[in-house]
Amino acid sequence: QVQLVESGGGSVQAGGSLRLSCVASGVSFSDYCMGWFRQGPKKERVPIATIDRVATIDRDGTTFYTDSVKGRATISKDNAKNILYLQMYSLQPDDTAMYYCAAMLSTCTRYPDHWGQGTQVTVSS
């Protein structure tokens, strides 16, 4: 059974930082592209960062960042611990959203096979 459990969300002031974590079970990071999606108030859920399955501690994989977070976010993963991370910097009110961990079998797509329950990030000005 696949389970993705996010943590690390919270309320921060604009300009602050957060690190989101996703503990995964029932999936192997070597088989799945992993990613973070977010859904703001009255908005659709969209991908903001993904890291492909070939990325390891010894080998750079392919990462994707949506334009709105490029340069302000770093996605990474610990294959040994099955934990996915998203470090976000210079947070702005527009970053306020529910953040979801997602697993996509084999290739990175906009349609994950598995979702976490989400962690809320609220940024105040």
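How many helices and strands does the protein have? I looked this up before anything else.

**Entry 1. The model and its elements**

I note that this is a predicted model, in which local features need pLDDT of at least 70, side-chain atom pairs count only at pLDDT 80 or more, and totals for chains, interfaces and linings use all residues. Residues are numbered from 1 along each chain as its sequence is written, and side-chain values use heavy atoms, with hydrogens and water left out.

I found zero helices and eleven strands in the protein. Helices (H or I, at least four residues) and strands (E, at least two) are DSSP runs, numbered from the N terminus. Along the sequence I read the pattern β-β-β-β-β-β-β-β-β-β-β.

**Entry 2. Disulfides**

I then searched for disulfides, taking a pair of cysteine sulfur atoms within 2.5 Å as one. The count by this rule is two disulfides.

I looked up C22 and C101, which a disulfide joins at an S to S distance of 2.1 Å. This pair links distant parts of the chain: C22 lies in strand β3 (residues 18–25) and C101 in strand β9 (residues 97–105), 79 residues apart. The angle about the S-S bond is -75 degrees, and the link of C22 and C101 is left-handed.

I next looked up C33 and C108, whose sulfur atoms are 2.0 Å apart in a disulfide. The pair again links distant parts of the chain, with C33 in strand β4 (residues 32–39) and C108 in the loop between β9 and β10 (114–115), 75 residues apart. I recorded 100 degrees about the S-S bond, and the link of C33 and C108 is right-handed.

With bonded cysteines counted along the chain, the disulfides follow the pattern 1-3, 2-4.

**Entry 3. Burial of the cysteines**

Which of these cysteines are buried? I used relative accessible area: buried means under 20%, exposed over 50%, and partly exposed in between (1.4 Å probe, protein chains only). C22 is buried at 0%, and C101 is buried at 0%. C33 is likewise buried at 0% relative accessibility, whereas C108 is partly exposed at 35%.

**Entry 4. The whole chain**

Of the 125 residues of the protein, 43% count as buried. I checked the radius of gyration, taken over C-alpha atoms, against the globule rule of 2.2 Å times the number of residues to the power 0.38. The protein has 14 Å, which agrees with the value near 14 Å for a compact globule of 125 residues. Its C-alpha atoms fill a box of roughly 40 × 30 × 25 Å, taken along the principal axes.
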